[in-house]
Amino acid sequence: GAISRHAYRPPAWLVPETRLVFDLDAAATRVTATLHVTRQHGEEPLRLDGAGQTPLAVRVDGVATDAWRIEGEQLVIPLTGTAHTVETEVEIAPERNTQLMGLYASGGILCTQCEAEGFRRITYFPDRPDVLSRYSVRLVADCARYPVLLANGDPVDAGELADGRHWAEWNDPFPKPSYLFAIVAGDLAVNRGSFTTMSGREVQLGIWVRAGDVAKTDHALHALTLSMAWDERVYGREYDLDVFNIVAVDDFNFGAMENKGLNIFNSRYILADPDTATDYDYDAIAAVVAHEYFHNWSGNRITCRDWFQLSLKEGFTVYRDQGFSADQGSAAVKRIEDVRGLRAAQFPEDAGPLAHPVRPESYIEISNFYTATIYNKGAELIRMMATILGPQAFRAGTDLYFSRFDGTAATCEDFVACMEEASGRDLGQFRLWYSQAGTPRVAASLSHQAGEGRATLRLAQHVPATPGQPDKQAMVLPLRIKLFGAETGQPLGDERLVLLDQPASTIVFDGITERPVLSVNRGFSAPVIIESDRSAADLAFLSAQDDDPFARYEAMQQLMLDTLVAATVEGRADHDAVVTAVANTLDDRALDPAFVAEAVLLPSESFIGDQLAMVDPEAIFRAREGLRRALGLRLAARWRDAYDGAPDGAYVYSPAAKGHRRLRTVALGYIAASGADDAATIAFRQFERADNMTDRQGALGTLANGYSDEREAALDIFYHRYAGNALVIDKWFQTQALSSRDDTGRLVAELARHPDFTLANPNRARSLVGAFGANQRAFNAADGSGYRFLADQLIALDRLNPQTAAKLLPPLARWRRFDAGRAALMRAELERIVAAPGLSKDVFEQATKSLG
Ligand code: ARG
Ligand code: ZN
């Protein structure tokens with residue numbers, strides 16, 4: 001059944017101290033848990049969560065008892081009085097754990113994942129985030145198989161046993177909820193570093209991986225020290241243990257996990273060298289390392305009272321990692337990337353049957369709520385508060401929040417209240433952002449009264465209905481706005497921050513004699529959809545003149561979108577305005593190449609579809625290819641210049657070098673789109689000569705969209721060169737699954753039978769099935785073959801790993817956006833999924849909500 005936010009009750013029992021002893025073995029691990037429990041209120045029995053195991057023994061205050069019962073997923077022990085010691089013993093089988101929650105084996109390493117509700121698969125415990133306990137842990141394991149034994153907190157002691165086994169003791173002085181618990185045992189090598197905190201404490205850093213991978217951990221280690229320094233400088237947050245360890249494993253359900261003092265990562269967010277990782281991978285590694293590190297304060301020192309508050313830690317921490325990444329290179333390009341990501345994942349979620357508020361009202365399976373809405377829209381909420389309050393009051397608010405709630409389990413409301421208290425501002429209406437789902441739409445129309453020297457801006461907002469929320473109230477939207485003179489190109493006054501808090505409002509600008517052009521929602525100051533009536537000429541003007549780089553990018557995107565929507569609907573379009581604007585951008589020598597590369601990229605097929613009343617994937621594809629070809633042909637010389645103009649030289653990972661590589665591969669894409677005879681030759685030459693994965697994969701991606709012999713050769717060379725390197729073979733699968741070729745559906749079905757394909761590894765499953773679901777044209781093939789393929793894979797994966805299976809479902813949830821034929825085919829697959837025997841509650845929730 002569903003769990004409701006309003007059903008929250010404080011725990012009847014707390015567990016101030018927990019002692020855990022693990023006798024580790026892949027086939028049978030014995031866990032002995034000693035819980036010091038204290039009653040908070042009422043007369044209730046002690047209820048401990050547990051799943052997938054049964055107690056072998058229960059002792060209360062040292063005495064064995066059988067006065068207990070199992071109710072659903074709980075062990076119920078009737079206790080009188082207010083304080084007891086409760087001991088349980090269980091046996092679990094890590095090597096048979098395919099869902100990768102709790103204690104499991106990944107390539108011979110034993111590791112854990114407890115968030116959100118994995119700890120109950122390890123032992124019996126009140127597995128909820130508002131029960132904070134101090135843990136001491138003893139690990140016992142075979143020396144040869146598991147020479148390294150790690151747990152949360154600081155190491156206490158270690159030693160050998162007579163029988164080829166050894167032990168280690170760890171102690172975590174900080175009370176934490178069970179979801180932050182972690183242990184690791186395995187044959188691991190370490191890359192060590194150290195960091196001296198602002199108060200002068202020395203912290204030992206360690207990144208633990210398989211021995212052969214140590215050389216690929218320098219970038220992650222460097223990112224960790226940068227993150228530690230950044231959090232001190234920007235938020236005044238200091239690290240608090242003597243050690244900070246990170247372990248990378250190959251089998252992991254998502255990106256990484258912030259366990260106290262012992263982060264566990266998907267290896268794709270740790271391992272990098274120029275030959276195997278792209279610039280994008282390097283950026284993502286730094287961002288995820290920072291994200292997990294920042295959780296030490298926003299998540300661990302202050303955690304969530306209940307899972308409805310998930311965005312309290314995730315939205316805030318994403319906002320923090322975005323700020324960190326912005327400070328490492330181009331803040332403008334980072335903002336563009338983040339908004340692109342928000343529009344690709346969160347806007348569709350907010351507009352479909354899986355829409356939910358940033359603070360949800362109910363859930364069946366909490367794992368389904370680790371969403372773009374909780375994470376990325378949540379980050380936008382924090383960003384809006386920072387914009388409304390200004391940097392100083394915002395920092396005063398975070399200081400207050402960190403000091404007041406340190407050591408506690410807090411709520412989103414607590415955070416907003418701190419912002420109010422520190423700033424003296426009323427955020428009453430702002431709270432609607434936490435409770436109302438749906439992306440607000442803002443109509444903006446500027447008129448000029450030349451005679452009076454006045455400009456009038458009319459703004460009107462509308463929040464669309466979402467499941468369970470038919471009627472919405474007006475939100476407060478912080479809109480950064482500026483006007484530019486159409487003739488002079490000069491700003492007409494300073495930027496204004498407009499707080500639109502009414503359904504509609506009119507803003508008057510005086511002293512405007514020249515015809516003004518509207519620049520609105522600069523920096524994407526509010527996560528909304530702007531509907532403006534600006535002409536192609538005005539958008540082209542802004543794309544060349546706006547002094548806010550995001551607004552410049554945005555004007556170009558809008559111009560491209562208007563053109564592509566017209567082309568999709570009418571079957572033909574005038575490409576001139578886009579061609580001219582792109583030419584001007586390419587010619588502007590003052591621009592950062594990384595920015596240029598972003599600005600000249602066309603909106604994705606799915607984003608174009610989001611603008612249309614009904615998605616016609618083939619028409620969108622044709623319209624987009626038509627514009628790509630026109631740009632490729634009409635700006636052929638410029639693309640060649642951009643391609644050849646990128647400086648040569650050995651690979652370095654720097655913002656400037658990254659920008660040049662990016663622009664070069666974007667230019668290659670346009671050369672290929674033009675249909676030039678030598679496109680495959682150029683791409684293949686880039687593929688062969690590249691001294692780095694960015695250029696190699698860039699070339700491979702271009703070739704993969706075509707039908708040349710070079711395509712087959714490159715895929716073959718790539719596969720053999722990286723055989724055995726799982727992260728790179730993932731790229732090989734993914735590149736083919738994203739191809740725009742006509743026969744991608746058939747090729748992907750063949751790849752699913754490739755010996756290297758397995759659903760047991762989440763990265764591999766996502767690289768083929770997840771990528772295919774994002775391939776608008778291939779997935780939405782009119783005969784329904786793409787839908788059937790996805791459903792088949794999802795049903796098969798659900799038997800192994802419900803959490804990762806459920807993540808594959810959202811592409812099917814978009815059925816209402818399509819023609820009746822496709823919608824019926826998608827619904828049929830959703831119904832087939834719901835009827836699958838033994839369906840998990842993860843997939844059940846997503847599929848039934850999608851059907852509506
Ligand atoms: N807290 C982790 C992070 O944001 C992710 C945990 C995801 N858990 C889940 N059940 N999906 O870094
Ligand atoms: Zn997080």
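**Sheets and a ligand shell**

Biologist: Which residue in β18 is the bridge partner of Phe 195?

Modeller: Val 203 is the β18 bridge partner of Phe 195. Keep in mind that this is a predicted model.

Biologist: And which residue in β18 is the bridge partner of Ser 194?

Modeller: Ser 194 has Gln 204 as its bridge partner there.

Biologist: How many bridges join β17 to β18?

Modeller: Eight. The two strands run antiparallel, and β18 covers residues 202–209.

Biologist: What about the hairpin of β17 and β18, how many residues lie between the strands?

Modeller: Five residues. Gly 200 in that hairpin takes a positive phi near 95°.

Biologist: Which strand does β18 join with five bridges?

Modeller: That is β19, residues 243–249. Here the strands run parallel. Within this pair, Gln 204 stands opposite Val 243 of β19.

Biologist: How does the chain cross from β18 to β19?

Modeller: Through helix α1, residues 218–235. The β-α-β crossover is left-handed.

Biologist: Back up a bit. What is the order of the five strands in that open sheet?

Modeller: The order is β17-β18-β19-β21-β20, with mixed pairing.

Biologist: Why is one side of β17 and of β20 left without a neighbour?

Modeller: Both stand at the edges of the sheet. Each has a single partner strand, so one side of each has no neighbour in the sheet. β17 spans residues 189–196.

Biologist: How many bridges join β20 to β21?

Modeller: Two, and the strands run antiparallel. β21 is residues 262–266. Met 257 faces Ile 264 of β21 across that pair.

Biologist: Change of topic. Which residues surround ligand 1?

Modeller: Met 257 turns up again here. The shell also includes Glu 115, Ala 116, Phe 254, Gly 255, Ala 256 and Glu 258. His 291, Glu 292, Glu 314, Ser 367 and Tyr 370 belong to it too.

Biologist: Which elements give two or more residues to that shell?

Modeller: β20 (256–257) and α2 (279–294) do.

Biologist: How many residues of the shell are nonpolar, polar or charged?

Modeller: Five are nonpolar, three polar and four charged.

Biologist: Glu 115 to Ala 116, is that peptide bond cis or trans?

Modeller: It is cis, with omega near 0°. As background, most peptide bonds are trans.

Biologist: Where does Ala 116 lie?

Modeller: In the loop between β11 (109–113) and β12 (133–142).

Biologist: What is the phi of Asp 61?

Modeller: Positive, about 50°, although Asp 61 is not a glycine. Asp 61 sits in the loop between β5 (57–60) and β6 (63–64).

Biologist: Next, which residues does UniProt give for the "domain: Aminopeptidase N-like N-terminal" feature?

Modeller: An unreviewed UniProt entry puts it at residues 72–180. That span is 0% helix and 52% strand. Its end C-alpha atoms lie 24 Å apart.

Biologist: And "domain: Peptidase M1 membrane alanine aminopeptidase"?

Modeller: The unreviewed UniProt entry lists residues 221–430 for that one. The chain there is 55% helix and 10% strand, with end C-alpha atoms 39 Å apart.

Biologist: Where does UniProt place the "domain: Peptidase M1 alanyl aminopeptidase Ig-like fold"?

Modeller: At residues 438–532, again from an unreviewed entry. This stretch is 0% helix and 51% strand. Its end C-alpha atoms are 19 Å apart.

Biologist: There's a four-strand open sheet too. In what order are the strands?

Modeller: β29-β26-β25-β31, and the pairing is mixed. β29 (504–510) and β31 (529–532) stand at the edges with a single partner strand each, so one side of each lacks a neighbour in the sheet. From one strand to the next the twist averages 25°.

Biologist: Do β25 and β31 run parallel or antiparallel?

Modeller: Parallel, joined by four bridges. β25 covers residues 441–449. Ala 444 stands opposite Ser 532 of β31.

Biologist: Last one. What pLDDT does the chain average?

Modeller: The average is 98, and 100% of the residues score at least 70. For the complex, the predictor gives an ipTM of 0.98 and a pTM of 0.99.

How values were computed: Residues are numbered from 1 along each chain as its sequence is written. Chains are lettered from A and ligands numbered from 1 in the order in which they are written. This is a predicted model: local features need pLDDT of at least 70, side-chain atom pairs count only at pLDDT 80 or more; totals for chains, interfaces and linings use all residues. A residue is near a molecule or strand if its C-beta atom, placed from the backbone, lies within 6 Å of it. Ala, Val, Leu, Ile, Met, Phe, Trp, Tyr, Cys and Pro count as nonpolar, Asp, Glu, Lys and Arg as charged, and the others, Gly among them, as polar. Two strands pair if DSSP finds at least two bridges between them. UniProt positions are given in the numbering used here, feature names are shortened, and annotations may be inferred rather than shown by experiment. pLDDT is the predictor's confidence in each residue, from 0 to 100. A crossover is right-handed if, with the strands pointing away from the viewer, the path from the first strand over the helix to the second runs clockwise. Axes are lines fitted to C-alpha atoms, for helices over the stretch in contact, and angles run from 0 to 180 degrees between N-to-C directions.
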